[in-house]
Amino acid sequence: MKKFFKIFGISLVVLLLLLLGGGVYFYKTNPMLQAIVNNDESKLYYFPSKEMNNMDDLPYKQIVLEVDDSIQIHAYLFEPEQEKQANVFLIHGAGGNVGIYEPMFKTLVNNGFAVYAFDWRGYGESSGTPGYKGVMKDTEVAFEDFIAKTASDSVKNIVYGMSLGGQMAVKITVENESKVDLLVLDATVESAQSLAIDYAPAEFLKEKAKKHPEDFNQDYVAVRDIALIKNTAKLIIHSKKDQDVPFSRGKNVYEAAQEPKEFWETETAHIMTLKDLPEEAVEKINKNLN
């Protein structure tokens, strides 16, 4: 019997060591796990690319904006060839840079919308490293430039937020409601906390994110802040087949919003509305803009 317990004890220690070693290895080799455990927002929410795709399909003007002494961000103004229908301030998602999204917003430009798109710090040609306060500041500086460049226009202004950009789109509209005629959210995230819950690679991390909202106490939360927008029309788009941001997240943001509002349920891939449903998208935007 003593021999049995000795063997059992040794086996248990070996098993625990293997589990511990495996856990350490998994942690060391999984950047997302490290980001969640350490709540490292620069890796948890932002996935920038410095390589710019060719955007010569659409004529554009490139703008360099000074955010502070050490940060420059790059913005791009795409003007339509036909009569302008409206101005769009586009806030893209967490991955890539403006060049990756050009095929998506090409629909807008080709249908008479001027598009002002920009890259947060760390994205594309913009300098710096992204963080939630920094990207919001970049968005505010870009929006000020957008308003300055469109001040003399007689057409209406649209703020269009994609995925992670939806949170900034809500915040910008809250702060500048008199300057925004339509808010469009395409596959918007609900909050930083919801992202941590949805992307956590282990159940205990999901539970940790659910039980500790204070770990994600950001200055802007889409599902909370959208309720502050009173008169601006809101078009909230989300696909039932979205594999990146669950359908329920967009629905929750819609439910929290005041009228006037419309929820458009689609079946495209994540943020592919403008590319895959161009005619329907333009029709929905014009309907809610008028």
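What follows is a short chat about this predicted model.

Reader: What kind of model is this, and how are residues numbered?
Author: It is a predicted model, where local features need pLDDT of at least 70, side-chain atom pairs count only at pLDDT 80 or more, and totals for chains, interfaces and linings use all residues. Residues are numbered from 1 along each chain as its sequence is written, and side-chain values use heavy atoms, with hydrogens and water left out.

Reader: How many helices and strands in the chain?
Author: The chain has 12 helices and 10 strands, taken as DSSP runs (helices H or I, at least four residues; strands E, at least two) numbered from the N terminus.

Reader: Which residues touch the most other members of the largest nonpolar core?
Author: Phe 89, Tyr 116, Phe 118, Val 159, Leu 164 and Ile 226, in a core of 47 residues. A nonpolar core is a set of buried Ala, Val, Leu, Ile, Met, Phe, Trp, Tyr and Cys residues joined through side-chain atoms within 4.5 Å; buried means under 20% relative accessible area with a 1.4 Å probe, protein chains only.

Reader: Which helix gives the largest share?
Author: Helix H5 (residues 132–150), with eight residues.

Reader: What other core is there?
Author: Another core, of 34 residues, lies apart from that one, and Val 184 and Trp 264 are among its members.

Reader: Switching topic: at what angle do H7 and H8 cross?
Author: Roughly 165 degrees, with the axes of H7 (residues 192–199) and H8 (residues 203–211) coming within 8 Å. Axes are lines fitted to C-alpha atoms over the stretch in contact, and angles run from 0 to 180 degrees between N-to-C directions. H7 and H8 are therefore roughly antiparallel, the term for angles over 145 degrees.

Conventions:
Angles under 35 degrees count as roughly parallel, over 145 as roughly antiparallel, 65 to 115 as roughly perpendicular and the rest as oblique. Buried means under 20% relative accessible area, exposed over 50%, partly exposed in between (1.4 Å probe, protein chains only).
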